[in-house]
Amino acid sequence: MAQTEAELLDNPVSGNPTLILRSPDFHSITEAVAGPVERPAPIGWWLYFLPALALLGLLGVAVSWLFWEGIGIWGLNVPVGWAWDITNFVFWVGIGHAGTLISAILFLFRQKWRTSINRAAEAMTIFAVMCALLFPGIHVGRVWVAYWMFPLPNQMSMWPNFRSPLLWDVFAVSVYGTVSVLFWYVGLIPDLGTMRDRATTRARKYAYGFFALGWRGSVRQWQHYETAYLVLAALATPLVLSVHSVVSMDFAVSVLPGWHTTIFPPYFVAGAIFSGFAMVVTLMVICRTAFRLEHIITLKHFDYMAKIMLVTGTMVGFAYATEFFTSWYSGNPYEGFTFMNRARGPYAWAYWTMISCNVISPQIFWFKKARTSIPILFALSIVINIGMWFERFVIIVTSLHRDFLPSAWGYFTPTVWDVSCLLGSFGLFFTMFCLFVRFLPMVATAEVKTVLPQADPHGHAGAKREISDHRAAFPARGGPAPEGAS
Amino acid sequence: MAFDSLRSLWTKPLLVNQLPSGPYYGILAEFTTPADLYHACERVRDAGFTRWDAHTPFPVHGLEGAMGLRRSPLPWIILVSGLTGAALGFGLQWWVHSSAYPLVISGKPLLAWPAYIPITFELGVLFAALGAVLGMLGLNRLPMHHHPLFQSKLFERVTDDAFFISIESWDPRFDASATGKLLKSLGARNVELLES
């Protein structure tokens, strides 16, 4: 007796039985997730992978030309010394944050719905951080001395300035990347064991077996494993908040009107989670259709994610309003000018694109019909990411382009190489993501199994209501059900 | 006490297999559901076995209680490594700006400690995370790519949908036939004797 998607949405109480559709047994979850990795790539996969690879090639060309010729190939120049490079950097770091939110913060809050999407979201985080790290690396001009960013002993006896937010940023983003990889890998170990034990070819058995480290699923192992996972979640939570706060301090610690505001850290973190969830929705809509995982990644998951986008989008809108209010209330003519210039100056088109995409469009998620409609979610997720890219563009470029002296004013126009680097970073991101879904289980099967009703060995006092709900829904299956019942 | 497994990290060599030396590794019994496994574990625990383990495709909650396991000492490893990272991070910045390369920038003092907090924090988190992962692997004696349990064809389903108890032959109460019968009586679907 399988539940329909409609019943599921009508019963959004935290009842475990309703998270996964078709009330499957443990084996069918393994099959649904591991099967697509083991079969030859479907044609649809190539339709995503080849264009992504082409864009990655474009990135290679653009970056090679950049190294050869210098950053003069980009459109930035005084007074706009930072433009698309840093816009792209902040955009990509922000994308990553939803992955950590899903994997760490929702884990600490015991939000069991995260189990269907956390693996893919964590992978997204890692690939987004890779894209993000690319831009500060290549924008320094002389890439062959990019290692000066790190505190390495050198023949000049010179050390970096630890009092600068730009150096905090180097540490924050590198640590974030490292911890994200560790967290993701630890989560993968049991599932790599699954891939190892199902392997039919020698190559696959050795490849997965090597990375599964000889996992035996022993309770003595699970005990240390779960402790490690819990502590990693507890560490990743303040880390993710610190990372985008530090990114925002790249701007906020300067004395430039438009950047020098104390609201930046929370405002940047909310925006990061907003855009990251939009990217998760984009990817999950594609994956669940392509790999037939509609019963594991359900409309209920999208319903939750839409609510988070509504909340964070509105928080971002509130931050935009607060910035405007503060610039007026401060009585500082430069602050006031910068903000009026954003809304009414030469970049007004960018400002209003940002407002429409980020503040107005997510309001449609007040309606359940919109939160559970895949076409609307997909369209909105792309609109939101366009808006969030423009947010960073507006913050960076409109604050710079009109300096204190009108004689120094300028207008930034991107060149074909700016566009190539941005498109190319999407190529890098999607190539990595395509390879991930091709070779690794994209759903954390060990974790999804724990939210099935039969995973609970007995009814705890606290779980009694859930159990009785479950009994009402499945009269044939009192308590821990036999496998294969459906 | 809770530190026993922590102490074992240096009393027993890390990457050496801790395995029984006789001809048999032990007995492997397969159970169908987490509930069956849970109750069987309680009985094996109460029967006084010490060198045994349960194996599940996912963490089954409460099973460590049913097995009578103590809490993991891992948080202590993480605490120490995290504090070490934070101290190293702060020390690096202090040493660089006060001794190795003292340079006054925007009139800030050489020991501008509030400005050192972000990197101190980041390095604390980095070391704690590395401590968590490496500590977990060390306590679990991983990587260990070969193990007698992997001989069993049944055991391939431990990462899919089957639940196991393994009792090792060097347990003082181990007896190849009696222990097998005990596991059978606890509801095991299959019982297998494994060579070492």
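Visitor: Which residues does Phe171(A) touch, leaving out residues up to four places away in sequence?

Guide: With those neighbours left out, Phe171(A) touches Ile119(B) and Glu122(B), where touching or contact is to be read as C-beta atoms, placed from the backbone, lying within 7 Å. This is a predicted model, in which local features need pLDDT of at least 70 and side-chain atom pairs count only at pLDDT 80 or more, while totals for chains, interfaces and linings use all residues. Residues are numbered from 1 along each chain as its sequence is written, and chains are lettered from A and ligands numbered from 1 in the order in which they are written.

Visitor: Is Phe171(A) buried or exposed?

Guide: The general idea is a count of other C-beta atoms within 10 Å (20 or more is buried, 12 or fewer exposed, in between partly exposed, with C-beta atoms placed from the backbone). Phe171(A) is buried because it has 24 such atoms within 10 Å, and its place is in helix α6 of chain A. Helices here are DSSP runs of H or I with at least four residues, strands are runs of E with at least two, and both are numbered from the N terminus. Phe171(A) and Pro453(A) lie 282 residues apart in sequence and 43 Å apart in space, C-alpha to C-alpha.

Visitor: What does Gly313(A) touch, and where does it lie?

Guide: Gly313(A) lies in helix α10 (residues 299-329) of chain A, and it is buried, since 29 other C-beta atoms are within 10 Å. Residues up to four places away in sequence aside, Gly313(A) touches Phe274(A), Asn358(A), Val359(A), Pro362(A) and Ile384(A). Ile384(A) is 71 residues from Gly313(A) in sequence, yet their C-alpha atoms are 8.7 Å apart.

Visitor: How many helices and strands are there in chain A?

Guide: Chain A has 17 helices and zero strands, and 49% of its 486 residues are buried. Of the contacts in chain A with a separation of 6 or more, 80% are between residues 24 or more positions apart.

Visitor: At what angle do helices α2 and α6 of chain A pack?

Guide: Axes are lines fitted to C-alpha atoms, for helices over the stretch in contact, with angles from 0 to 180 degrees between N-to-C directions. Helix α2 (residues 26-38) and helix α6 (residues 165-198) of chain A pack at about 65°, their axes being 11 Å apart. Thr30(A), Ala34(A), Val37(A) and Glu38(A) of α2(A) meet Thr194(A), Met195(A) and Arg198(A) of α6(A).

Visitor: At what angle do the axes of α8(A) and α4(B) cross?

Guide: The axes of helix α8 (residues 219-252) of chain A and α4(B) cross at roughly 40° and come within 9 Å. On one side the contact is made by His224(A), Thr227(A), Ala228(A) and Val231(A) of α8(A), on the other by Leu74(B), Pro75(B) and Ile78(B) of α4(B). By class, this contact has five nonpolar, two polar and no charged residues, where Ala, Val, Leu, Ile, Met, Phe, Trp, Tyr, Cys and Pro count as nonpolar, Asp, Glu, Lys and Arg as charged, and the others, Gly among them, as polar.

Visitor: How many residues does the contact take from chain B and from chain A?

Guide: The contact takes 57 residues from chain B and 55 from chain A. On the side of chain B that touches chain A, α2 (34-46), β2 (52-55), α3 (63-67), α4 (74-100) and α5 (113-139) of chain B each supply at least two residues, and α5(B) gives the most, with 14 residues. By class, that side of chain B has 38 nonpolar, twelve polar and seven charged residues.

Technical notes:
Two residues are in contact if their C-beta atoms, placed from the backbone, lie within 7 Å.
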